[in-house]
Amino acid sequence: MLITPSSLTFPTPPERLFGRPGPLVLEVGFGDGRFLVHLGRAHPDWNLLGAEVSLGSVTRAFKRLRREGVRTARLYKGHGRFLVRNVIPRHGLHRVYVNFPDPWPRKRHHKNRLLQAGFFRLLSTRLEDGGALLLTTDHAEYFAFACDEARTTGLFDVAEGPPPPATLQTKYALKWQAERRPIYHAVFTKTAEAPDPYEPTLELCEMQHALLEGDLRAVPPLTKEVHRFPGGVVVLLEAYRDPAGDALLFLVLSEEEDLRQEMLVKAWPHRTPARPERGVAVALQRFGEPLTTRGAREAVRAVTEWLERQGLRRVETWF
Ligand SMILES: C[S@@+](CC[C@H](N)C(=O)[O-])C[C@H]1O[C@@H](n2cnc3c(N)ncnc32)[C@H](O)[C@@H]1O
């Protein structure tokens with residue numbers, strides 16, 4: 001029920017995720033998963049895909065779906081736009097639900113809003129003909145913003161109306177109704193398609209490791225470091241020393257377009273016939289199943305360069 005990165009290709013045929021054909025329906029920001037349970041019960045033939053950035057919510061929704069016996073949902077921990085852009089095939093989506101999205105009310109944070117013109121253009125290429133996004137929100141200003149953004153694309157019909165009853169039963173729906181806030185709803189139906197096919201942006205890199213020469217025991221403690229690269233940033237957060245040997249394990253955060261990954265990069269003594277004494281290897285670890293994106297490659301590069309600055313000598317790199 002949880003989608004692991006290693007189960008994905010870019011795009012991924014939905015049959016591979018669900019083991020059966022069927023209308024593909026996405027919920028972005030599913031919170032505690034209540035609405036997915038409703039959809040699973042009401043539409044047993046639908047293949048349900050959920051995206052949620054909060055790990056706590058993913059865990060709660062996972063347990064709820066299991067408890068309620070809904071087996072037609074697949075959960076992805078991460079940004080909804082990442083799924084739409086990289087995983088969902090062209091014309092693959094029947095419907096998208098967005099219930100009570102984070103409103104990002106401050107003007108300087110509007111760029112973080114999910115529902116803006118760029119997203120609607122991308123979505124027009126992933127929705128089937130006549131496919132639709134359904135928005136329910138308590139936030140009048142975000143609601144007006146999303147409707148305007150969709151209309152400016154010229155690719156969607158926007159129909160405002162009463163929310164479907166089930167969207168009024170989510171955790172946030174109940175919370176806002178208890179405060180007597182008004183609730184807004186619109187259906188954005190695809191009427192045309194953007195000329196740009198919005199190909200997946202994700203590229204996997206095969207090789208990311210390095211060979212160095214030097215003494216890992218002499219390396220000082222790491223203080224947090226930020227490395228920018230075109231399209232993203234990696235942050236060396238912490239380094240841990242293996243008490244049983246000389247190895248170092250680096251915790252690295254990588255942020256690329258709509259993709260945030262924490263990964264481990266290891267540096268360890270690597271004796272070869274050419275370097276019997278002081279060889280050191282640096283490589284990405286499989287722990288956490290990181291996608292081997294440009295960010296993963298940059299994580300290994302950042303660790304390698306940090307070790308060089310601590311006095312190790314670069315012998316060979318593959319990145
Ligand atoms: C206000 S809550 C609403 C949750 C649920 N839909 C409900 O009605 O109870 C918004 C949810 O969207 C999630 N979220 C925010 N941005 C997201 C994104 N780009 N992709 C996926 N989930 C996102 C948040 O973690 C949060 O759980």
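Phe145 has a relative accessibility of 15% and counts as buried (under 20% relative accessible area; exposed is over 50%, partly exposed in between, with a 1.4 Å probe and protein chains only). The structure is a predicted model: local features need pLDDT of at least 70, side-chain atom pairs count only at pLDDT 80 or more, and totals for chains, interfaces and linings use all residues. Residues are numbered from 1 along each chain as its sequence is written, and side-chain values use heavy atoms, with hydrogens and water left out.

Helices here are DSSP runs of H or I with at least four residues, strands are runs of E with at least two, and both are numbered from the N terminus. Tyr142 is buried too, at 2% relative accessible area. Arg113 sits over the face of Phe145, 4.6 Å from the ring centre. That label requires NZ of Lys or CZ of Arg within 6 Å of the ring centre and within 35 degrees of the ring normal.

## Aromatic pairs

How many aromatic pairs does a search of the whole structure find? The search returns 10. The ring centres of Tyr142 and Phe145 are 6.2 Å apart and their planes meet at 50°, so this pair is tilted. Rings of Phe, Tyr and Trp (its six-membered ring) pair if their centres lie within 6.5 Å; planes under 30 degrees apart are stacked, over 60 edge-to-face, and the rest tilted.

Helix α7 (residues 171-178) holds Tyr172 and Trp176, four residues and about one helical turn apart. Their ring centres are 6.0 Å apart with planes at 55°, so the pair is tilted. Tyr172 is partly exposed at 40% relative accessibility, whereas Trp176 is buried at 13%. Elsewhere, Phe119, Phe120, Phe156 and Phe188 form one aromatic cluster. Lys266 lies over the face of Trp268, at 5.8 Å from the ring centre.

Thr304 belongs to helix α8 (residues 294-309). Its relative accessibility is 0%, so Thr304 counts as buried. Beyond neighbours within four places in sequence, Thr304 contacts Ala210, Leu212, Val282, Thr317 and Phe319. A contact means heavy atoms within 4.5 Å.

Asp45 lies in the loop between α2 (34-42) and β2 (47-52). At 43% relative accessibility, Asp45 is partly exposed. Leaving aside neighbours within four places in sequence, Asp45 contacts Arg20, Gly22 and Pro23. Pro21 is 24 residues from Asp45 in sequence, with a C-alpha to C-alpha distance of 8.8 Å.

## The whole chain

The protein chain has eight helices and 14 strands. Its C-alpha atoms fill a box of roughly 70 × 40 × 40 Å along the principal axes. Of the 319 residues, 49% are buried. Among contacts with a separation of 6 or more, 71% join residues 24 or more positions apart.

The accessible surface is about 15600 Å², and carbon and sulfur atoms hold 52% of that surface. Areas come from the Shrake-Rupley method with a 1.4 Å probe; for residues, only the protein chains shown count as cover. The chain carries 45 positive and 38 negative side chains, and the centres of the two sets lie 4 Å apart. Lys and Arg count as positive, Asp and Glu as negative; His and the chain ends are not counted. Each charge is placed at NZ of Lys, CZ of Arg, CG of Asp or CD of Glu.
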